Amino acid sequence: MKEIGTTGGCAAARAAIHARLDGDLLPAAGAERLERHLAECAACRQAGMDLARVQAQLRAVPLATFPDADLAAVLARTSRAPRSLAHSAWRASAVAAALLLAVLLGSWIERLRAPDPQEIARAAADTRYVLALAGRALDRTERATVKRVLSGEVSPALRRVPMNLPGAERAGKGDAS
Amino acid sequence: MDRQAFEEAVREHKDRVHAYAVMMLRDAEEARDVTQEALIRLWEHWSRIDADGRRMWLTRIAHNLCIDRIRRRRVRGETDLENVIPLHSDPAPGPGQIAWAGQVGQALASALSGLSDTDRAVVVMREMQGLAYEEIAATLGLPMGTLKARLHRARERLRERLVQAGVAP
């Protein structure tokens with residue numbers, strides 16, 4: 001901050017003016033410099049007077065009083081002992097427990113509920129569709145395998161697998177005999 | 001729970017809390033609501049607040065309640081009430097309050113409304129209610145240097161607004 005001088009240092013002078021308004025005691029040398037500055041700087045002198053008046057006006061504002069009817073309302077609303085924090089916490093815990101219990105009961109009741117015929121029909125249709133797909137896949141696999149057996153591409157181990165091949169029964173009997 | 005001590009505390013602090021809310025909100029009804037709520041909260045937290053700390057606790061609660069209401073007003077798009085409601089808001093103002101409804105009082109009320117919420121709070125607490133700097137700093141959570149800088153800036157702005165309004169301070 002610039003030192004307060006006679007021709008400059010207005011910012012320092014303003015700071016000193018505010019400090020004085022705040023009730024701060026300026027050091028003797030600082031107070032003397034401020035007075036010298038104010039004697040020669042009309043702007044700071046005017047600002048100092050204005051700011052002191054602003055402060056005086058603010059301090060003179062009459063303050064509103066709390067109406068008696070509102071005071072009576074406060075005293076009526078506080079006539080019972082306040083709820084303790086422990087009581088509030090216990091109540092919050094009880095509410096949380098009750099909510100959890102309600103959710104669990106709801107889930108349990110949902111499971112016990114009689115099945116809906118439409119849901120059963122939908123599940124049966126889905127099952128039939130999946131079984132049909134599986135059956136077709138098995139059929140294709142069997143046909144491909146039989147084709148490879150007949151063409152001689154199968155491994156020796158596969159020959160031991162009982163398969164319903166045309167003429168296999170007779171061939172097997174022939175081998176055994 | 002010492003009921004008598006509570007009632008004494010309410011009677012000791014009610015007007016100061018109410019005056020603060022009036023200055024911050026410029027709305028008599030809202031200020032009464034805030035004061036009631038602050039005093040009821042004092043009752044609810046009575047056992048946890050030291051006797052020495054009651055004034056600061058109540059001021060902080062009142063300040064927070066006022067700021068909440070000011071923010072809600074802004075969310076609703078309501079404008080500040082400057083130039084509408086005088087600084088005092090008693091239904092039956094005394095002679096001094098009527099005098100303040102004059103040109104200077106209106107200009108000062110308007111100038112106060114032009115300050116930021118925190119700057120207005122600092123001015124009200126310090127210049128109008130005479131609270132100590134340490135108490136204001138603790139209530140608003142401001143470092144001392146910041147508090148004084150805000151007060152100085154607010155004084156300068158009030159002066160400028162009063163000069164602009166043609167009301168020599």
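Modeller: Start with chain A: 20% of its 177 residues are buried. Buried means under 20% relative accessible area, exposed means over 50%, and partly exposed lies in between (1.4 Å probe, protein chains only). In chain B, 53% of the 169 residues count as buried.

This is a predicted model, in which local features need pLDDT of at least 70, side-chain atom pairs count only at pLDDT 80 or more, and totals for chains, interfaces and linings use all residues. Residues are numbered from 1 along each chain as its sequence is written, chains are lettered from A and ligands numbered from 1 in the order in which they are written, and side-chain values use heavy atoms, with hydrogens and water left out.

Confidence comes next. The complex has an ipTM of 0.83 and a pTM of 0.66 from the predictor. Chain B has a mean pLDDT of 87. pLDDT is the predictor's confidence in each residue, from 0 to 100. In chain B, 84% of the residues score at least 70. Within that chain, helix H4 (residues 95-100) has the lowest confidence, with a mean of 52. H6(B) has the highest, at 96. That is the part to look at.

First, the fold around it. Chain B has eight helices and zero strands. Chain A also has eight helices and zero strands. Helices (H or I, at least four residues) and strands (E, at least two) are DSSP runs, numbered from the N terminus. Contacts give a further view of each chain (contact means heavy atoms within 4.5 Å). Take contacts in chain B between residues at least 6 apart in sequence: 64% join residues at least 24 apart. The corresponding value in chain A is 44%.

Now the helix itself. H6(B) covers residues 117-128, which is twelve residues. The expected span of a helix is 1.5 Å times one less than its number of residues. Just after the helix, B:Gly130 has a positive phi of about 65°.

How many of its residues are buried? Eleven of the twelve, so H6(B) is largely enclosed by the rest of the structure.

B:Arg126 lies over the face of B:Tyr133, 4.1 Å from the ring centre. A charge sits over a ring if NZ of Lys or CZ of Arg is within 6 Å of the ring centre and within 35 degrees of the ring normal.

H5(B) is mostly covered, with eight of its eleven residues buried. Among them are B:Gly105, B:Ala107, B:Leu108 and B:Leu112.

H8 of chain B holds B:His152. This residue is buried, at a relative accessible area of 18%. B:His152 touches A:His18 and A:Asp22, leaving out residues up to four places away in sequence.

Rings of Phe, Tyr and Trp (its six-membered ring) pair if their centres lie within 6.5 Å; planes under 30 degrees apart count as stacked, over 60 as edge-to-face and the rest as tilted. The count is two aromatic pairs over all chains. B:Phe6 and B:Trp46 form an edge-to-face pair, 5.6 Å centre to centre with 85° between the planes. B:Phe6 lies in H1 and B:Trp46 in the loop between H2 (28-44) and H3 of chain B, so the pair ties together parts that are 40 residues apart in sequence. B:Phe6 is buried at 0% relative accessibility, and B:Trp46 is buried at 9%. With B:Trp43 they form one aromatic cluster. The charged end of B:Arg3 sits over the ring of B:Trp43, 5.0 Å from its centre.

B:Phe6 also meets B:Leu39, a residue of H2 in chain B. B:Leu39 is buried at 0% relative accessibility. Neighbours within four places aside, its contacts include A:Phe66, A:Val74 and B:Leu58. B:Leu39 and B:Leu58 are 19 residues apart in sequence and 7.5 Å apart in space, C-alpha to C-alpha.
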